[in-house]
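Please walk me through this structure in my viewer. Where should I click, and what will I find there?

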Amino acid sequence: MSTVWLNPSVAGAASMASAAASALDRVTPRAVTAPVAETETDASSYWSISTTMRPGSLSAGSVQEANEIAAAVSDTAALGLEQATDIVARIQQKLVLAKAVGADRNGINADISQMKAELGAVVADSTFNGDNWLMVEAGGRPKVTSLLASVTTGNDGGLSINMVDFDTAKSTLVSREDAGDGVLTRAYAGTSLGGVPYNYYLMDAQSREPVEAGAREIRIDSRTTGDEIDGMISTLNRVLIDMVSASAEVSTTRSQVTGGGVLLQGLQGSSELGVSRLVDTELNEQRVRLTAEKVQDQLQSSVLNIANVSMTSWLKL
């Protein structure tokens, strides 16, 4: 007669081990292959979301590139205006020095001529991507330019592009077409603090349409009177006021453009991160499950071995 012993611990451990092995068999094929949704409905939903987001990310990247170009154009104009304003202020200082008794006005005029050349170079070099907001070439006129400032997304996921218009008439310093279009090339007429009339312009750009007759370029020599220098100083006061106003206009546009760029970077980064997570989530989930099932299988095997050892020791008693 044989006796069959039923140890509940061993039976429970065997059952858990069997269940763990079955789970491991189910998870392993899914984890080692590409992520596939369990149902047709899940699959269409999963891939439609990811493919919808990817074009949006690409569009945001293109928009950001255009926004960065717009920001660079406005930055270049702002920097050119800053440098040009500094040079004009130094020219005015030279004129003030020229009023001193015994001043070498010919030498001062040579310095002023050199600074004018420097001023012309700054204006000409303030170009980015073919755009120069400080200069108008012969045959041209100041124009309104449109800049890509920002982007917004609608409820349907579509991108809405927001543009900012800037009128370069507000920032033109030199015009080789019509001298009156440029702050540095137009004539300023008025009366100085001493009551002496004046009509001066700072630079001669050889414009096709020159300044009005009777206007004179700012330059001095030993015969220049103090009243004339006062008129030149007053002219440069008005030039500087217009240049500061131009800088303010450019800075406003610059802020609108660069502010949108920060938003675009965040939008693109979030979109790319979301796509990456969406595509990887299913695979990562299956790998985690596989790891968990392996651990559980190992634990159940250990439990079964311990139970068997315990049963063997009990039977020897």
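This is a predicted model: local features need pLDDT of at least 70, side-chain atom pairs count only at pLDDT 80 or more; totals for chains, interfaces and linings use all residues.

Stop 1: Begin with an open sheet of three strands, whose order is 5-6-7 and whose pairing is mixed. Colour strand 5 (188-191) and strand 7 (216-217): these are the edge strands, and each pairs on one side only.

**Stop 2: strands 5 and 6.** Now select residues 197-201, which make up strand 6. Strand 6 runs antiparallel to strand 5, and four bridges join the two. To see the pairing residue by residue, pick Thr191 and look across to Pro197, its bridge partner in strand 6. Then do likewise with Ala189, whose partner in strand 6 is Asn199.

**Stop 3: strands 6 and 7.** On to strand 7, which pairs with strand 6 in the parallel sense over two bridges. Select Tyr201 and you will find Glu217 of strand 7 opposite. Is strand 6 enclosed or open? Four of its five residues are buried, so strand 6 is largely enclosed by the rest of the structure.

**Stop 4: the largest pocket.** Finally, select Asp131, Asn132, Met135, Val136 and Lys143, the lining residues that lie nearest the centre of the largest pocket. This pocket has a volume of about 280 Å³ and is lined by 16 residues. Colour the lining by type, and you will get five nonpolar, seven polar and four charged residues.

Conventions: Residues are numbered from 1 along each chain as its sequence is written. Side-chain values use heavy atoms; hydrogens and water are left out. On a 1 Å grid over the protein atoms alone, a cavity is a set of points where a 1.4 Å probe fits but cannot get out, and a pocket is an open set with protein on both sides within 12 Å along at least five of seven lines; lining residues have an atom within 4 Å of a point. Grid points are joined across faces, edges and corners, and a volume is the space filled by probe spheres set on the points. Ala, Val, Leu, Ile, Met, Phe, Trp, Tyr, Cys and Pro count as nonpolar, Asp, Glu, Lys and Arg as charged, and the others, Gly among them, as polar. Two strands pair if DSSP finds at least two bridges between them. Buried means under 20% relative accessible area, exposed over 50%, partly exposed in between (1.4 Å probe, protein chains only).
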